[in-house]
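Me: I would like a close look at one part of this model. Keep it brisk, please.

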Amino acid sequence: MCKDERMNCPSSTAADGDVIYTWDEVRQHATPDDKWLVIDGEVYDITKWSNKHPGGRRVISHYAGQDASDAFGAFHRDRRLVNKYLKMYRIGRLDVYEPSQLAEDFTELRELSKRMGLYKPSFWFYAFQLLHIIALEIMAYASIRYFGANFFTFILAALFMGTSQTQGAWLNHDFGHLSVFKSSKLNHIVQILVFNGIQGAPASWWKYRHYQHHAKPNVINKDPDVKMEIFFLLGETIPREVAESKKGFMPYQHQHKYFPFLLPLFLIPLYYTFEFFRYVIKRKEWLELTFMVLFFVRLFYLYNPYLGFIGSFLLLELSRVIQSTWFVWVSQANHIPMAVEHDDDSRHWVRLQMHATCNLNSSLFIDWFTGHLNYQVEHHLFPTMPRHNLHKIQPHVESLCKKHCIPYIKKPFWTALADILRSLKKSGNLWYDLYHAMDASGDIH
C-alpha cells in the first residue's frame, strides 16, 4: 500500500481527565483568529503564539487545523528547548492518533540522520565559503583600482561582485536554516552580518518568505514563491483560475519566451530591492536597515572615486542582474516544473516535499554553482542539515521513496533548465486555450 494519511476516528472520553478532540474538531480551528494544530497526537491552540513565533506568523499558521508533526520536527533541531514553550499552548490530545507507515519510516530516517552525525557542520567548509566570498569582493575592487576604470574592468568587476553576491546568498541560506552553528541565536546574528552587511538585504525578510516556502512548497496562497500572476502562471491550477477570473493582463502564452529576460532583470534589481526596504521600514527593523545602509555607503565609498556615483550605481545593478539571473535559474529549476496546487492536508510531509521538488545531478562544479541546492529534495526534507552532508542522506531518501511508491526525480542540470521553459509554455498555453474558450458569461465551452 502507498497510503500515508493519518487516521481520523470519532472522539472518545479520556479516563485520565485529559481533554480529547477529534480531527473534525481540530480542522474547524483554522481561521486567522482561531488556530489549532496537532503535533504527535497532541493538540495545541497557537492563536496567541503565532504572532510571537520566531519563524513568523504565517509559517506556523499554514498548518492551522492540520497535523504539523513532521514540519515541526524538520524545523526544530532542539525539540526539548521548543517543548518548554510549546507545552504552554497544549489544550488536549486527539482521540486516536496512529501515524502511517510512511510517517514511522520517515521518523526512523530522521533518527538515522542524527546517529550518522549529519547535522554536524564542517568548520573548514563554511570558512572556505565565507573567505572565497570576501576574496571575490576584493577582486572586484582590485580590478577597478589597479587596472583602471574601463569597459573591460567594469564587466570583470561586475562578474566578480555578482558571483560573490550569489555565493553570499547560498551562505545566507545556510545561516537562515541554522545549519552552521549549534546556537540558533548565533546563526541569526551572523546571518544579519552576512545578508545585511555583505548583500544589503534584510535577514528577517528572507526568513519571513523562505520559511513559508519550506512549510508548504508550491502550495497556492501559502508559498509566496509561486505567487507570480502579475507576470507568470505556474502549474495547471493557477492558469485555470486566472482564465476563469479574467484578471490576467500578460500574454501568458508567450511567458516561456519572456521569462529568460524579464524575471532575472526584474526580481532582485527591482522587486526584491523594493521589498527589502519596504519590509524593514514597515516592521521597524531599524538595526537591519542600518546594516543595509552601511552596505551602500561602503560600496559608493569604494567605487565612487573611480566610477563616479552613476558608474558605481550601474556596477551594483549589473552585479545584481548577474546574481538575479543565476539565482532565478537555479532556484526555479527545482520547483517550476513540479506540481503547483492548493493545499491538501492529508498529504504527509514527505509526499508534500517530493510533489514540489526535484534534484539535479551532482558534480563538484554543480554543487558549488547551485550552493548544493541541486540536492533540493534532501534539503526540503531535512532543512537544518548542513548542505555538505545532504549527499550522505540521499541514498536513504531514495530507498524510502521507492518503498512507498513516491517518484524520486533527478535530472541533468541542462534538462532541468529546459524543463522550466517547457513547463511555462504548457501553463501559458493552458491559460490561453481556456481564456479564449470562455464566452461573455464566463462559461468554458
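How many cavities of 30 Å³ or more does a search of the whole structure find?

Reply: First, the ground rules. The model is predicted, so local features need pLDDT of at least 70 and side-chain atom pairs count only at pLDDT 80 or more, while totals for chains, interfaces and linings use all residues. Residues are numbered from 1 along each chain as its sequence is written, and side-chain values use heavy atoms, with hydrogens and water left out.

The search finds three cavities of 30 Å³ or more. A cavity here is a set of points, on a 1 Å grid over the protein atoms alone, where a 1.4 Å probe fits but cannot get out; lining residues have an atom within 4 Å of a point. Points are joined across faces, edges and corners, and the volume is the space filled by probe spheres set on them.

Take the largest cavity. Its volume is about 60 Å³. Its lining includes His 173, Asp 174 and Ser 179. Gly 371, His 372, Leu 373, His 379, Met 385, Arg 387 and Leu 390 line it too. By class, that lining has three nonpolar, five polar and two charged residues. Asp, Glu, Lys and Arg count as charged; Ala, Val, Leu, Ile, Met, Phe, Trp, Tyr, Cys and Pro as nonpolar; the others, Gly among them, as polar.

The second largest cavity holds about 50 Å³. Among its lining residues are Pro 217, Asn 218, Val 219, Glu 341, His 342 and Arg 347. Five lining residues are nonpolar, three polar and two charged.

Next, Gln 167. It lies in helix H7, residues 151-176 (a helix is a DSSP run of H or I, at least four residues, numbered from the N terminus). Gln 167 counts as buried because its relative accessibility is 0%; buried means under 20% relative accessible area, exposed over 50%, partly exposed in between, with a 1.4 Å probe and protein chains only. Neighbours within four places in sequence aside, Gln 167 is in contact with Gln 129, His 132, Ile 133, Trp 326, Trp 368 and Phe 369. Contact means heavy atoms within 4.5 Å. A polar atom of the Gln 167 side chain lies 3.1 Å from the backbone oxygen of Trp 368.

Last, the packing. The largest nonpolar core has 88 residues, and Phe 259, Phe 382 and Val 397 have the most contacts inside it. Helix H11, residues 255-282, gives the largest share of this core, nine residues. Such a core is a set of buried Ala, Val, Leu, Ile, Met, Phe, Trp, Tyr and Cys residues joined through side-chain atoms within 4.5 Å.

How values were computed: On a 1 Å grid over the protein atoms alone, a cavity is a set of points where a 1.4 Å probe fits but cannot get out, and a pocket is an open set with protein on both sides within 12 Å along at least five of seven lines; lining residues have an atom within 4 Å of a point. Helices (H or I, at least four residues) and strands (E, at least two) are DSSP runs, numbered from the N terminus. A polar contact is a pair of N or O atoms within 3.5 Å; within protein, one must be able to donate a hydrogen and the other to accept it, and residues adjacent in sequence count only if both atoms are side-chain atoms.
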